Each structure stands twice: as structure tokens, then as C-alpha cells.
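This briefing goes with the structure shown below. Please look through the sequence and the model before reading the points that follow.

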Amino acid sequence: MTNTTSVWGTADVSSGKGASDENFPVGSLLISKKLRPHVHAYYDYARVIDDIADSETLAPDDKITRLNAMEDVLLGKRDPINRPDAQSAATLRRSLLQTHVPFETATDLLIAFRNDSRGHVYQTWDDLLQYCRYSANPVGRYLIGLHEESSAAFAPSDALCTSLQILNHLQDCSGDLKRLKRCYIPADMMQRCGTSQQDLLAGSSSPALRRVFNTMLDGVDALNQQASALAAHIRDRRFRMECAAIVELAHCLTRRLRREDPLAGRVALRRADGMHAAIAALRAWA
């Protein structure tokens, strides 16, 4: 093992974002108290590597270097230094060893964030789904593994996580392009509808761009339909309630993005959506 600190650099890449900035609850009270620290360890690690990939000050090669160092700490190939990013990987390593959740639920995230760091272009819907396979789906699989649930839950969980990721891309499509020079809107959809990335910076959606968004939301609707089966595969009652609530939030946000313009301002969940999610969770109690 090595103790060198040069790979980490000195730039602070923290975005300042936390669990409250997400579209879904992170380690909520529905998760058992015993498991909550493990969920927070996973989230903290995911937040760090996401912030590295999204840094506006690091060069692409420096991002890759830091992400590789995080993976080395996670896998026990590098001693963690006394700084929060390295420590988040070390903490998650201890958690995964204790809970026996597969390390792939953490290392797969790095595949997506390395692509982000390189400025990968998404030409098709299938390209975007492949990205979500690594950027989002491991989160659901981590929670399923942590709760020792059946692998039968993987498919609806993957659909839910992919839905949430694409909804987030739609919420942030203008900011991602403006701030990170990154676009997750499939290029072939924009070409077919007669629009381009530049139109994402217009401040309001053109009819052509609205057609692209609606086509993507059609795909999200199909994912949400698949995700609706998730709760039926979950034995743990509290986790089942959590899953039902998140599925409902995905449906709510999809409807909001149908009605509202993400270029005119961030389309976000509201209190009424939280109430709908709470009702869905209560229905899943039985």
C-alpha cells in the first residue's frame, strides 16, 4: 500500500450538497436504525465521487486520478489519508465488509463518474440507459443487498433508479450544459425533433425541445410502470414502505416535468407530492 498524498491534490471539490438536496429520502426514518449508518456511509461516498466528477476546477485527468484513488482506498489497495474524501471510501469499505453487500455496488458508480469526467456524449436513449446502469442502479441494488432482499427486486429497482436519474437530468439539463458542458439529452432525439444542445440555454423550451422532453418522459413512464412492482418483492415492511414512497415520488416528478418547463426554473417536488408519497407508503404497510 502507498501513503502518498499527491494523487489527491489540494483543491476542495465539495459541492456542499447533502441528502436534503436529493429527490428521494436518504436514510430516512423508514430505514431501520441499525442500517441507517450504513446507508449514510454509502451516500457520503457517492456524494464525494459525484462532486469529483462534477468539479469545475479539476482537469479531466485529475478527476480520473482522484476517482482511481478513491477506488484504491475502497478496495484496500491504498491507505486512506486524513481527509474527508479518502475517509468516506475507507468508512464504506468497513461497512461493506461488515454487511457483505457486494463491492460492485460502490465500484460500478465509478464507471459512470469516469465517463462524466471524460465528457462522454450520449447519442441514443440506449446510451443513456447504459449510463444509468452504472450511475444510478447500483444504489438500489446496494439497498436491496443491505436489507438481504431477493434478487427478484433487482429489475424493478433498476427501473426506478434509472427513472430517477433521467428525471434529475431533465431537471438540470440547462445547468449541466452551462456549468459542466455536459448533456444527457440523447443527440439523436434532438436531431429528429429539429433542435440542438444550444436550445437548452434559451431560458424556455421551444416546441421542438418540448417534444424531446416528452419523448424522454414517455420512456420514464415505462420505467415507472416497471418500478411499480418493486414493493411487492420487498419483505422488510419498513423498506417496502420506503420503496413505495419513492416510486410515488418518481410518478409525481414525471407529471410535474410534463406540465412545467425545466428551462424556466428548477422543476421540484412539492409538499403535496410528499403527502402522496406518504399515502403510498402507508398502503405498502400491509
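**Briefing on the predicted model**

Asp54 sits in the loop that runs between helix H1 (36-53) and H2. Helices here are DSSP runs of H or I with at least four residues, strands are runs of E with at least two, and both are numbered from the N terminus. The model is predicted: local features need pLDDT of at least 70, and side-chain atom pairs count only at pLDDT 80 or more, while totals for chains, interfaces and linings use all residues. Residues are numbered from 1 along each chain as its sequence is written, and side-chain values use heavy atoms, with hydrogens and water left out.

- Asp54 counts as buried, at 14% relative accessibility; buried means under 20% relative accessible area, exposed over 50%, and partly exposed in between, with a 1.4 Å probe and protein chains only.
- Not counting residues up to four places away in sequence, Asp54 touches Lys63, Arg179, Leu180 and Arg182; a contact means heavy atoms within 4.5 Å.
- Glu71 belongs to helix H2 (residues 60-74).
- Glu71 has a relative accessible area of 18%, so it is buried.
- With neighbours within four places in sequence left aside, Glu71 is in contact with Thr107, Leu110 and Arg114.

**Helix H7**

- Helix H7 (residues 154-171) has 18 residues and should span 26 Å at 1.5 Å a residue, which agrees with the 26 Å between its end C-alpha atoms. The expected span is 1.5 Å times one less than the number of residues.
- Of the 18 residues in H7, 15 are buried, and the helix is mostly covered.

**Overall fold**

- The protein contains twelve helices and zero strands.
- Its radius of gyration is 19 Å, close to the 19 Å from the globule rule for 286 residues, so the protein is as compact as a globular protein of that length. The radius is taken over C-alpha atoms, and the rule is 2.2 Å times the number of residues to the power 0.38.
- Along the principal axes, the C-alpha atoms fill a box of roughly 55 × 50 × 30 Å.
- Among contacts between residues at least 6 apart in sequence, 70% join residues at least 24 apart.

**Burial and charge**

- Of the 286 residues in the protein, 52% are buried.
- The protein carries 35 positive and 34 negative side chains, and the centres of these two sets are 4 Å apart. Lys and Arg count as positive, Asp and Glu as negative, and His and the chain ends are not counted. Each charge is placed at NZ of Lys, CZ of Arg, CG of Asp or CD of Glu.
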